[in-house]
Amino acid sequence: MRDIAVFTGSAHPDLAKEICEHLGVPLLPTRIDRFANDCIEVQLQGNCRERDVFLIQPLVPPTQEHLAELLFMLDAARGASAARITVVLPHYAYARSDKKDAPRISIGGRLVADLLTTAGADRVLAMTLHSPQVHGFFSIPVDHLHALRELAHHFRGYDLSNTVVVSPDLGNAKEAAAFARMLGIEVAAGAKQRFADDKVVISSVIGEVADRDVIVLDDEIAKGSTVFELLARLRERNVRSVRVACTHGLLTNDAVQRLSAEKEIEEIVCTNTVPIPKHKATDKLTVISIAPALAEAIRRIHNGESVSALFS
């Protein structure tokens, strides 16, 4: 593939390497240093002049550090006369800050979108944004992918004759319904209220789940508070088994171990949009690669082909 240059920061180099393997291009080196005063300096150690540049960087902890790296990478590529710069955001952490739901709070999703554009991004390739309105925060083109196809391919390997997809809340019900259609099964949803980052209440589950096998589908799992609350409601309905699926398996602290310890949960499935440390691996955790999907989207963007056709 000619006239393409791919770089990455320190957030998830393994994913960037895998994407480049599918593209058949080298991952060009990036030097990230710190001065004595703790300021970051970034150098893209590959030719950018008049090339189609792709910068791969999920915003994962330490999120602010990785955001700063990405902004400096953008500035470096723009200063090096790149023909076009595409930010590849496998995980856009600030997408959760998408509305003003309390007085005097910032809307981080919009602010960071503006920062990326100001720093030099010409377009964005994102995977499973937290809510539809986040797409509109960007004043540049956004190609928004989802991992439902990859997740559905995995679950088709099971007997789904008595299975239902359950969304933890009504906000994610549309995605859950699309996922259920892919699998040819029914869908249900929880009635959720969030009172704090780690405090949620699900008052009921809307739909038929009693004596069924359940696939819980969410966009991301961090502490697992929502899943544990939903699991309590599912127990009350006497479900047979539970499998948990998400795109972004942040699984902070000991979330994966706590989820794995629940006897009803047979499997936890996520993609590799964020790095999964080896020490968090359990027998119940399955990680699916989305590198082929991101690589194909990059190829289509570079060649001026339809990205939406990926979902046909």
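The second largest cavity has a volume of about 30 Å³, where a cavity is a set of points, on a 1 Å grid over the protein atoms alone, at which a 1.4 Å probe fits but cannot get out, and where a volume is the space filled by probe spheres set on the points, with grid points joined across faces, edges and corners. The model is predicted, so that local features need pLDDT of at least 70 and side-chain atom pairs count only at pLDDT 80 or more, whereas totals for chains, interfaces and linings use all residues. Residues are numbered from 1 along each chain as its sequence is written, and side-chain values use heavy atoms, with hydrogens and water left out.

Lining residues, defined as those with an atom within 4 Å of a point, include His-91, Tyr-92, Arg-96, His-130, Glu-220 and His-248 in the second largest cavity. By class, this lining has four nonpolar, four polar and two charged residues, with Ala, Val, Leu, Ile, Met, Phe, Trp, Tyr, Cys and Pro counted as nonpolar, Asp, Glu, Lys and Arg as charged, and the others, Gly among them, as polar. Leu-145, His-146, Arg-149, Glu-150, Ala-293, Leu-310 and Phe-311 line the largest cavity, giving four nonpolar, one polar and two charged residues.

The second largest pocket (a pocket being an open set with protein on both sides within 12 Å along at least five of seven lines) has a volume of about 300 Å³. Of its 14 lining residues, His-12, Asp-14, Pro-275, Ile-276 and Pro-277 lie nearest its centre. Helix 1 (13-23) and strand 14 (285-288) are the elements that each give two or more residues to this lining, helices (H or I, at least four residues) and strands (E, at least two) being DSSP runs numbered from the N terminus. Helix 1 gives the most, with four residues, and the lining draws at least three residues from each of domain 1 (4-145) and domain 2 (148-288), whose bounds come from an automatic or database domain assignment.

In helix 5 (residues 173-183), Ala-176, Ala-177, Phe-179, Ala-180 and Leu-183 are buried, that is, under 20% relative accessible area, with exposed meaning over 50% and partly exposed in between (1.4 Å probe, protein chains only). Seen down the axis of helix 5, these buried residues fall within an arc of 160°, so they line one face of the helix, the arc being that of the directions from the helix axis to the C-beta atoms. Lys-174 and Arg-181 are exposed on the other side of helix 5.
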